[in-house]
Amino acid sequence: VQLQASGGGPVQAGGSLGLSCAASGSIFGINYMGWYRQAPGKQRELVATVSSLGSTNYADSVKGRFTISRDNAKNMAYLQMNSLKPEDTAVYYCNVKVLGTSTIATKDYWGQGTLVTVSS
């Protein structure tokens, strides 16, 4: 599985930006598509995930502002970011996690990252 993220860029505080993640290759089984971010000098952190069954999970810092969605038919994930704040500035990474079974290990796939810069 290869992931291609797009949609980052500069935006002013209070603005909106949308990210897209395209997954090539086959994704089988229960899986999660999601976004993580890493700000300068900080560890990578979860932003949001959406499961193959449609359940979503958000970091507290983005709840109510960001919306994650996915299109299973197209193997795409999206992150709509509204009311952006300077502290949202980071490199955003697309992730696919395919849960393992009793005989197959869980697998993580990462995209190359896209920079989001929010200016005040």
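Predicted model: local features only at pLDDT ≥ 70, side-chain atom pairs only at ≥ 80, totals over all residues.
**Overall form**

The protein has a radius of gyration of 14 Å, which agrees with the value near 14 Å that a compact globule of 120 residues would have. Along its principal axes, the C-alpha trace spans about 50 × 30 × 25 Å. Among contacts between residues at least 6 apart in sequence, 52% join residues at least 24 apart. As for charge, there are 10 positive and 6 negative side chains, and the centres of these two sets lie 4 Å apart.

**The disulfide**

The count of disulfides comes to one, and this link is formed by cysteine 21 and cysteine 94, whose sulfur atoms are 1.8 Å apart. Cysteine 21 belongs to strand β3 and cysteine 94 to strand β9, so the pair ties together parts that are 73 residues apart in sequence. The link between cysteine 21 and cysteine 94 is left-handed, with -80° about the S-S bond. The table sets out the two partners.

| Residue | Strand | Relative accessibility |
|---|---|---|
| Cysteine 21 | β3 (residues 17–24) | 0% |
| Cysteine 94 | β9 (residues 90–98) | 0% |

Because buried means under 20% relative accessible area, cysteine 21 counts as buried at 0%, and cysteine 94 is likewise buried at 0%.

Technical notes. Residues numbered from 1 in each chain as written. Heavy atoms only, no water. Rg over C-alpha atoms; globule rule 2.2 N^0.38 Å. Contact = heavy atoms within 4.5 Å. Lys, Arg positive; Asp, Glu negative; His and termini not counted. Charge placed at Lys NZ, Arg CZ, Asp CG, Glu CD. Disulfide = S-S within 2.5 Å. Helix = DSSP H or I, 4+ residues; strand = E, 2+ residues; numbered from the N terminus. Buried < 20%, exposed > 50% of the residue type's maximum accessible area, 1.4 Å probe, protein only.
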